[in-house]
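Subject: A structure for you to look at

Hi,

Here is the structure I promised to pass on.

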Amino acid sequence: MGAVLRRKQVAPGALVRFVLCGGGVGIASSVAVVGLASWIPWVLANALITVVSTLLATELHARFTFGAGGRATCLQHVQSAGSAAAAYAVTCMAMLALHQLVAAPGAVLEQVVYLSASALAGVARFAVLRLLVFTRGRSQVAGAGRATRPVPCASAPAVPVGLCRAA
């Protein structure tokens, strides 16, 4: 039964949906970081955008990517935030390394480095979210015999239902 449960858990399009939803949020974040960094230091801009994009992406992944069927719970937001913190560190290190190697990098080079670091971090995030945060098998086993539904996090942003529906 465990093997059957694991097979049901793996949605064939999960990676595609993750790339579309997470990648869409990532590209929008990339543009937002550049715009915000013209007013405040880049590291602070990246931190702010990372927080907002993590909340949005966690909701999208709960609803569409991993088929949780509803809003993300507070626990899922906290768990997702841990992987986002690692992604933030990766993007910051990549950008700091770029600025150490290139005195005045252009916007295109900054975007290439930022998006490359984000893609690398995204692969790791997919694994963490898939295996640890949005795993249905663990919640089904833990909730066996109980008919309780996870309580959504009150601070999570409302996401339009049609967003990423094509994924």
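Arg 63 counts as partly exposed, at 21% relative accessibility (buried is under 20% relative accessible area, exposed is over 50%, and partly exposed lies in between, with a 1.4 Å probe and protein chains only). Before going on, please note that this is a predicted model, in which local features need pLDDT of at least 70 and side-chain atom pairs count only at pLDDT 80 or more, while totals for chains, interfaces and linings use all residues. Residues are numbered from 1 along each chain as its sequence is written, and side-chain values use heavy atoms, with hydrogens and water left out.

Back to the charged residues. Arg 63 forms a salt bridge with Glu 59, and their closest N and O atoms are 3.3 Å apart; a salt bridge here is a side-chain nitrogen of Lys or Arg within 4 Å of a carboxyl oxygen of Asp or Glu. The two residues are separated by about one helical turn, because they sit 4 residues apart in helix α3 (residues 42-65). Helices (H or I, at least four residues) and strands (E, at least two) are DSSP runs, numbered from the N terminus. Glu 59 is buried, at 0% relative accessible area.

Glu 59 also meets the side chain of Arg 71 in a salt bridge, at 3.9 Å from N to O. Arg 71 lies in the loop between α3 and α4 (74-101), whereas Glu 59 is in helix α3, so this pair ties together parts that are 12 residues apart in sequence. Arg 71 is partly exposed, with 32% relative accessibility. Through shared partners, the salt bridges join Glu 59, Arg 63 and Arg 71 into one network. A search of the whole structure finds 2 salt bridges.

As for the overall layout, the chain has 6 helices and 0 strands. Of its 167 residues, 35% are buried.

What about the cysteines? The whole structure has 0 disulfides, a disulfide being a pair of cysteine sulfur atoms within 2.5 Å. Cys 92 is buried at 7% relative accessible area, while Cys 74 is partly exposed at 36%.

On a 1 Å grid over the protein atoms alone, a cavity is a set of points where a 1.4 Å probe fits but cannot get out, and a pocket is an open set with protein on both sides within 12 Å along at least five of seven lines; lining residues have an atom within 4 Å of a point. Volumes are the space filled by probe spheres set on the points, with grid points joined across faces, edges and corners.

The largest cavity has a volume of about 30 Å³, and its lining includes Ser 30, Trp 42, Met 95 and Tyr 114. Helices α2 and α5 (107-133) each supply at least two residues of that lining.

The second largest pocket has a volume of about 580 Å³. Among its 28 lining residues, those closest to the centre are Gly 22, Gly 26, Ser 118, Gly 122 and Arg 125. At least two lining residues of this pocket come from each of α2, α3, α4 and α5.

Best wishes
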